[in-house]
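Let's take a look at this structure together.

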Amino acid sequence: MYLQKDFECMPRTNLKKLQSEKLVKEIKYVYDNVECYRKRMDEAGIKPEDIKGIEDLHKLPFSYKSDLRDYYPYGLFARPLSDIVELHASSGTTGKRIVVGYTKNDLDMWAECGARMLTSIGATNEDIIQVSYGYGLFTGGFGLHYGAEKLGLTVIPMSSGNTERQIETMIDFKATILAATPSYALYLAETAEKMGVVDKLSLKAGIFGAEPWTEEMRHQIEEKLHIKAYDIYGLTEIVGPGVAFECDCQAGMHVNEDHFILEIIDPDTLEPIEGDDKLGELVFTTIDREGAPLIRYRTRDLGFIKSSTCKCGRTFVRLSKPRGRSDDMLIIRGVNVFPSQIEEVLLQNCDRGITANYQIVVDRENNTDTLDVFVEMAPDLFADDMASIEKLQKVLVDKLRSVLGIGAKVTLVNPNSIQRSEGKAKRVIDKRKLV
Ligand code: ADP
Ligand code: ZN
């Protein structure tokens, strides 16, 4: 199901034409209105007239999170504050927060992106959506809210926290769709299980994103809540949730390419990477943002695309699950380790008596990096003898070694001893960065 078939299923040649037209306008617009871009283009010897279409995109300078910090709060806005109707800020996972402004048209575009993603998972005005993403400066709550409102769903603007009350509300108000971070969705599922009320829920689908999560985590959430769980991708800088969304085929997230141009680049050489299935850094250019446009914005997220038409009929490219940001990657004893690799191993072994609650601690002792993985036992294993627990610890150590290529210490900890997340989970504690 589509919201705007004419765009979502547009032949790619027409889409490229549309992107080109919008890009040319947007570049002139930022050159005229944003000092940072004007300076940078002048330094690079590029005039707006040099940009004739998307084939010229690679000539433009990149922009960075540091620009948003250097020009904090309003220096990158292309419109006076009198035209800005809403502000959002990043959740600050990686350092000082950044702020982004929306004009009325930007909010409409954002709502449209949200409505597209809800339509693509089969939502209609008959549905009741519980938005358990945080409301506030974080884009999660409002992003889903505006999208759902545009499509005419009944919105329960729950925000995050107060987890038992969340479950009661879902039951009483007969929510059919849940929107939350995947880690919070799992916590909600666990709580519903504990309350013994999973069968009283009316949920059929969930729309989860804003943090990395693995396929294993998806299966767990789907099984526990008896729903289909869809992935969505977004970031505050571009528009929040709604940059890319999964359709019913769950075969990658369609990028709303009529609003955002995606490039994949090699983060070392900075050269664009052409073609499908090649991992690189995601770089976005907004082509119709008015308030806070971004040109060739380096997200630090890593992913790859598939550009063939999807079974659903959409021609928008499909983005892989972002592998985590390049700056979230851990370098442990010289080896690159993505937290998602560890999650995958752990969740593949849940049937042996562990849960999806884990924490990774990296430290340095005697000049050597240490990697500790703490994972909660399910109550059955907890009640078992010490020998079985130790045996499982050893199995996990071996599996992690074969996937990561380095040794990790695994400690199985008591049920409910790892703090649950109500928003983005804090899975990694890197004590090396704290000293
Ligand atoms: P912050 O940068 O403070 O975390 P944001 O809320 O803007 O603030 O987070 C956006 C980031 O969240 C993205 O750049 C990406 O790293 C991550 N993210 C968002 N959606 C997904 C998703 N579906 N899968 C993996 N990572 C995601
Ligand atoms: Zn599709």
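## The zinc site

In this predicted model, the zinc ion (ligand 2) sits in a tetrahedral site, with angles of 103 to 114° among its 4 donor atoms. For comparison, the ideal angle for four tetrahedral donors is 109.5 degrees.

So which atoms hold the zinc ion (ligand 2)? They are the SG atoms of Cys247, Cys310 and Cys312, plus NE2 of His254, at 2.1 to 2.4 Å. If you follow the chain, the donors of the zinc ion (ligand 2) show the spacing C-x6-H-x55-C-x1-C.

## Buried or exposed?

Cys247 has a relative accessible area of 1%, and because anything under 20% counts as buried, Cys247 is buried. His254 gets the label buried too, as its relative accessibility is 0%.

## Two domains

Zoom out and you'll find that the chain is split into domain 1, covering 5–327, and domain 2, covering 332–430.

## Where the domains meet

How many residues of each domain are in contact with the other? On one side there are 25 residues of domain 1, and on the other 18 residues of domain 2. Together, domain 1 and domain 2 bury about 1700 Å² between them, and carbon and sulfur atoms give 52% of that area. Within domain 1, Thr214, Glu216 and Arg323 lose the most area to domain 2, together making up 29% of what that side buries.

There are polar links as well: 10 residue pairs are in polar contact across the interface of domain 1 and domain 2. The salt bridge count between the two domains is 1.

How values were computed. Residues numbered from 1 in each chain as written. Chains lettered and ligands numbered in written order. Predicted model: local features only at pLDDT ≥ 70, side-chain atom pairs only at ≥ 80, totals over all residues. Heavy atoms only, no water. Donors = N, O, S within 2.8 Å, 3.2 Å for Na, K, Ca; no water. Tetrahedral: all angles 85-135°; square planar, octahedral: opposite > 155°, others 65-115°. Buried < 20%, exposed > 50% of the residue type's maximum accessible area, 1.4 Å probe, protein only. Domains from an automatic or database assignment. Contact = heavy atoms within 4.5 Å. Buried area = accessible area lost by both parts, 1.4 Å probe. Salt bridge = Lys/Arg side-chain N within 4 Å of Asp/Glu carboxyl O. Polar contact = N/O pair within 3.5 Å; in protein donor to acceptor, adjacent residues only side chain to side chain.
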